[in-house]
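Subject: Structure handover

Hello,

Here is the structure I promised to pass on. Please open it first, then read my notes below.

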Amino acid sequence: MTALARVPDEFATALTGQATALELSDGGCCTLEPDRWRDPAAGGDHWLLDRCHGPTLDLGCGPGRLVQALRLRGLPALGVDKSDHAIAQCDDRGVPARRADIFTSLPDEGEWDHVLLADGNIGIGGDPVTLLRRAATLVRTGGSVLVETAPRRRGLWRGSARPRGGDRGGVLGQWFAWAEVGVDAIVTVALQAGLRVAEQGALSGRGFARLGLVRGG
């Protein structure tokens with residue numbers, strides 16, 4: 001995967017436990033939970049896991065806790081992440097993961113039952129509509145895209161973010177494009193991407209939505 005050798009790893013400092021927040025360009029802050037990412041799936045993760053009943057692709061899988069949990073349930077699952085740190089942590093966990101940009105060719109496109117965008121990953125690239133359109137190409141007709149929404153955000157926010165952390169909350173990386181989708185905005189964002197909200201819910205202080213393809217999902 002040499003094409004990714006020079007791609008910036010925006011979440012490297014979070015995956016290694018140094019960054020614990022994203023500073024947002026509007027002056028806000030988004031808490032990161034690297035310890036939870038590395039721990040076994042728990043709490044709100046079960047809202048997502050309980051809605052997976054077949055082959056599942058986890059986009060931006062990080063250390064692979066959701067892939068691990070799905071495979072323990074006997075379901076085929078694969079993680080995708082562009083970060084070397086994420087893939088190394090998946091390897092340590094013994095779960096399959098592909099190092100790739102999610103906008104490049106991925107295995108079994110159009111055949112997955114479910115695609116996951118957990119832990120705020122709907123913000124990847126700063127354009128949730130484009131990201132959801134990409135996710136929609138990966139699932140089969142009748143499949144679902146399962147996303148985590150921002151529980152404390154209203155509406156759709158697009159801007160830039162950079163990681164912060166450490167004892168003094170210092171800056172640990174460069175600005176990159178990011179977005180947050182509030183619970184109240186997911187219906188509109190999904191429709192613009194050719195998806196519809198089939199279900200919304202919350203668990204352990206986290207918000208979620210199950211999206212289906214408008215053409216038949």
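What follows is a short tour of what was found.

One caution to begin with: this is a predicted model.

**The annotated domain**

UniProt, in an unreviewed entry, places the feature "domain: Methyltransferase" at residues 57-143. The span is 33% helix and 25% strand. Its end C-alpha atoms lie 11 Å apart.

**Around strand β4**

Start with β4, residues 77-81. Five of its five residues are buried. In a regular strand, side chains alternate between the two faces of the sheet. In β4, Ala77, Gly79 and Asp81 point one way. Leu78 and Val80 point the other way. Both groups are buried.

β4 has a parallel neighbour in β3 (residues 56-59), joined to it by four bridges. Within that pairing, Leu57 has Leu78 of β4 as its bridge partner.

**Helix α6**

Is α6 enclosed or open to the outside? It is largely enclosed by the rest of the structure, because eight of its eleven residues (128-138) are buried. Among them are Val129, Leu131, Leu132 and Leu138. Arg134 is on the buried list too.

**The hairpin**

β11 (residues 195-203) and β12 (residues 206-213) run antiparallel, with eight bridges between them. Leu195 has Leu213 in β12 as its bridge partner. Two residues lie between the strands of this hairpin. There, Ser204 takes a positive phi near 55 degrees.

**Aromatic contacts**

The structure holds four aromatic pairs. Take Phe11 and Trp178: their ring centres are 5.5 Å apart and their planes are at 55 degrees, so the pair is tilted. This pair links distant parts of the chain, 167 residues apart. Phe11 is in the segment before α1, and Trp178 is in strand β10 (residues 176-181). Trp178 has 5% relative accessibility and counts as buried. Phe11, Phe176 and Trp178 form one aromatic cluster.

One more ring to look at is Trp47. The charged end of Arg51 sits over the ring of Trp47, 3.8 Å from its centre.

Best wishes

Methods
Residues numbered from 1 in each chain as written. Predicted model: local features only at pLDDT ≥ 70, side-chain atom pairs only at ≥ 80, totals over all residues. Heavy atoms only, no water. Pairing = 2+ DSSP bridges. Buried < 20%, exposed > 50% of the residue type's maximum accessible area, 1.4 Å probe, protein only. UniProt positions renumbered as here; feature names shortened; annotations may be inferred. Phe/Tyr/Trp six-rings, centres within 6.5 Å; stacked < 30°, edge-to-face > 60°. Lys NZ or Arg CZ within 6 Å of the ring centre and 35° of its normal.
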